[in-house]
Amino acid sequence: MEPPVTVLGAGIVGICTALALVERGFSVRVVDRTAPGQETSYGNAGVISPWSVVPQAMPGTWRQIPKLMFGTHKPLSVHPRVWLRMIPWGVSLLKKGAEQQVRDTSEAMSTLCAPSIDIYQRYLSDAGATHLIKSSIYVHAYRDGSKASLDTLDAQIRREKGAEMEVIGVDALHRLEPYLNRSFKGAVLIKGQARAISPGEICTALADLAQARGVAFVTRNVRSLERRSEGWSVICDTDRFPAKAVVIAMGVWSRELLRSLGVSVPLMAERGYHVEYPDPQIMTENSIMDTDAKVIASSMAGGLRVAGQAEFAPIDAPPNESKIARLHNVARAMFPDLRAEQKKSWMGRRPSFPDSLPALGPVDGHEGLFANFGHSHYGLMMAPKSGQIVAAQLARDTQNKDLSAFSLARFQ
């Protein structure tokens with residue numbers, strides 16, 4: 001019997017890849033050291049947006065770095081142990097900030113983000129779990145109301161892609177989100193979005209759906225890969241598994257696995273945090289971004305979740321308690337009536353490339369090895385289409401879209 005296609009990583013990207021593969025008739029195994037969706041995918045802010053098509057690097061981004069690192073909210077930091085790697089990575093990011101490059105990147109991002117809601121609705125309908133996403137507006141809230149504008153490049157790009165947007169003042173904002181602090185004087189509304197009620201439960205529901213369709217989930221710690229004449233061998237702590245082909249969807253851990261095969265990739269662990277309040281006594285109707293603090297708040301099944309911060313750090317570094325304290329302070333400032341005595345905190349590791357795009361597709365020089373990682377801040381919304389693209393590549397189907405922007409070869 002032919003060995004299965006093996007997906008390494010059971011986050012939302014790996015789960016969606018498994019679903020797309022089994023829909024095409026492949027036998028599929030998923031290997032991860034933890035239960036499906038309980039690492040980085042578990043703790044994100046829950047935004048599912050066809051319009052998250054604006055990369056991290058924009059014209060003038062370099063001028064914002066001092067404020068981001070040393071200003072009031074300090075949403076950006078770099079751990080001392082990664083500075084040497086961070087400098088070339090950051091320079092590469094800033095070079096992507098010219099307007100034409102931003103537009104090119106945005107086009108690639110749209111390929112992945114545009115169908116996200118539709119695909120999730122189909123999967124969750126099949127899983128009997130449509131309650132786990134809700135229609136939403138993405139509220140970008142400003143304390144300085146004059147900054148709420150549609151005259152910016154990012155707003156222009158979103159509108160060109162089809163987003164319906166609106167600028168509102170303080171009164172309309174607080175009718176929309178009555179618990180939000182009235183210090184926010186205006187907002188840009190990005191409509192036609194969705195939000196996750198529980199990202200972790202979405203992963204569990206889709207993993208259960210995949211398993212019901214024949215996908216095997218194996219809990220093992222992957223150590224290395226070995227090429228065999230008939231395919232690949234996935235070497236774990238205590239055993240090994242044969243694979244017809246392998247899809248690496250291990251997020252930040254993909255870098256070390258590829259390095260063992262002689263493939264170097266500029267992937268950084270961009271750590272994010274959340275604080276969740278299980279009995280907040282308030283709620284949000286939508287996803288709300290505090291644009292000054294770069295923090296997103298949303299009511300979820302577990303309470304009010306406030307998520308954000310970008311900390312470039314080693315994968316194994318302990319959580320930074322100052323980041324958690326800062327999020328807690330932002331939460332209380334955003335919502336004066338928040339009941340904040342009870343709280344839970346979390347830290348995860350976003351896998352980030354400097355151009356805000358993931359790596360999708362064949363790994364050059366390694367037949368039968370495919371990449372599907374590096375989704376940065378956009379993993380939840382990019383995962384379904386990323387899985388479909390990689391599944392089509394394994395099936396050798398012709399795709400009517402130039403996918404070169406996602407190739408690992410772009411870094412060579």
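Which strand does Ser-287 lie in? In this predicted model, where local features need pLDDT of at least 70, side-chain atom pairs count only at pLDDT 80 or more, and totals for chains, interfaces and linings use all residues, residues are numbered from 1 along each chain as its sequence is written. Side-chain values use heavy atoms, with hydrogens and water left out.

Ser-287 sits in strand E14 (residues 287–290); strands (E, at least two residues) and helices (H or I, at least four) are DSSP runs numbered from the N terminus. With 1% relative accessibility, Ser-287 counts as buried, a label for anything under 20% relative accessible area (1.4 Å probe, protein chains only). Leaving aside neighbours within four places in sequence, Ser-287 is in contact (heavy atoms within 4.5 Å) with residues including Val-47, Tyr-138, Arg-195 and Ser-298.

Now for strand E13 (residues 268–277): 10 of its 10 residues are buried, so the rest of the structure largely encloses it. In a regular strand, side chains alternate between the two faces of the sheet. Both faces of E13 are covered, with Glu-270 and His-274 among the buried residues on one side and Arg-271 and Tyr-273 among those on the other. Strands pair if DSSP finds at least two bridges between them. E13 pairs antiparallel with E17 (residues 344–352) over nine bridges, and Glu-276 stands opposite Lys-344 there. Seven bridges join E13 to E16 (residues 303–312), again antiparallel, with Glu-311 of E16 as the bridge partner of Arg-271.

Definitions and conventions:
Buried means under 20% relative accessible area, exposed over 50%, partly exposed in between (1.4 Å probe, protein chains only).
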